[in-house]
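The report below concerns how the elements of a single structure are packed and paired. Please read it alongside the sequence and the coordinates shown here.

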Amino acid sequence: MSQVPTEIPWNLLASQSVIKRAPLVKIEHLRISRAGILGIVQRVSDPNLTRIVTITHDGLCTCSCEGSYNNVCSHLLAVLMLAAIRAPQETINIIRYVLGEEKPLRNAYIPTTDLLNFNSLVGGIPVGALFGIFGVPATNKSLLSLQLSYTMFGFGANALLVDTEGGSGAHSLPFWVERFNKRYGLDVQIVEVKYDWEKLTWKLDPTEEKIPKDKPIFFVVDLRMIHKVLSFHGVQCHLEITEPKKKKDKEGVVIDEEGGGKISIRLKSFEDNIKRTPIGQLVDKFNIKYIIYDSITNPQELFVSGQLNFPGRDDAQGLWFQQIQEIAQEFNATIMGIFHASRSPTDQYDTHGHPVGGKAVGHNFKYLLSIERFQGAMGAKPMGTDIGNKGQYINFRKIVMLRHPTKAPFSERYTLELKDSGFWDAKFEPQDEK
Ligand SMILES: [Zn+2]
């Protein structure tokens, strides 16, 4: 069964034309690891630009070229062909899953939280996995991810908040850490990580010598732009933004601009060994087991100003997600990604909305939790003092799973109640107002 066939059935994976093109694809970088396969390949149209291929261990494939989700393109096939030479056994196992054989289900250790409703829904906090929380603004998704970190602090691990929106480090984090410290009887300390994205070094505030050894630490790093985020993950790149075409009048004054703003990423260097990346060094050194990205969406907002920019986003996202996977696997860390939500107005089944970011989100985040307010006047913000029955569920949040390894989407729903000390299990399940 586990014998490596001498011939891999490439023709089951891709069409003849793709099989012919694949050997022409130049592969700049190939990594085969516990997180799966990562390939950086050259674009045929411009060898200075790249395509990013990722293949998870359970056979989910992405390539940053358009329209290739689980359709094997020449880039993907080229990466698999090289992987088959470098690591035949591992590659054939992955190919079995690509071809649609039963996916493996790892029985990971899952710590449970003090929120029974959360435990019932999810099972606990998955270790070595990527967990996404999405919701519209003011659903307190960040707060839920902060609160869950206390389960991990309770086990003696540390946590890291990668703040990509600005402000968490300065404002809401100290406020909630103080409240959660009281609630959970811990003395969690906040340490700021100051990252120099050009030198690839970080400094701590307070300095390393002054960090108490016997207390849990919440590290916070403020990284707002995608190239800084990527740099922190060992990916150095230039962002290239095309200039708009300028129409000028006879005097040379610009009267109109057209196009432009298309973004591509030119890769400068890539650190293959996650332990040598800036984030990897931090996680390794300080026993960080819980990492929050708040948010995953914001650094990529740059790309969404037009459809044409999506390939640039997929390059960046592919590299970033693959490095995050690597951290989860290498350090047995839980990754919490906060996503903005969007709703498709034409899709009647999209009632809960979905995380912003395309299909790669679902491929990488095996757990996706939606957090929602109650609809109608019951969940509405009360106006003035005339509350009456209105707004009585204003502090209640529905939690449902869009993605879970063993559960159907939205098959169960639970409710949490927000109080001054964070989330608690709701004592009853309120209903939406019809
Ligand atoms: Zn491709």
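This is a predicted model: local features need pLDDT of at least 70, side-chain atom pairs count only at pLDDT 80 or more; totals for chains, interfaces and linings use all residues.

Residues are numbered from 1 along each chain as its sequence is written.

Helices and strands are DSSP runs numbered from the N terminus (helices are H or I with at least four residues, strands E with at least two). Helix α6, residues 141–153, spans 19 Å from its first C-alpha to its last, close to the expected 18 Å, where the expected span is 1.5 Å times one less than the number of residues. A residue counts as buried if 20 or more other C-beta atoms lie within 10 Å of its own, as exposed if 12 or fewer do, and as partly exposed in between, with C-beta atoms placed from the backbone. Twelve of the 13 residues of α6 are buried, so the helix is largely enclosed by the rest of the structure; among them are Leu144, Leu146, Tyr150 and Phe153.

In helix α4, residues 88–98, the buried residues include Thr91, Ile94, Ile95 and Val98. They cover an arc of only 105° around the axis, and therefore lie on the same side of α4; the arc is that of the directions from the helix axis to the C-beta atoms.

Strand β17, residues 367–373, is mostly covered, seven of its seven residues being buried. Tyr367, Leu369, Ile371 and Arg373 point one way from the strand, whereas Leu368, Ser370 and Glu372 point the other way. Its pairings, for which DSSP must find at least two bridges between the strands, are tabulated here.

| Partner of β17 | Sense | Bridges |
|---|---|---|
| β5 (residues 130–135) | parallel | four bridges |
| β18 (residues 396–403) | antiparallel | six bridges |

Ser370 in β17 stands opposite Phe134, and Ser370 also stands opposite Val400 in β18.
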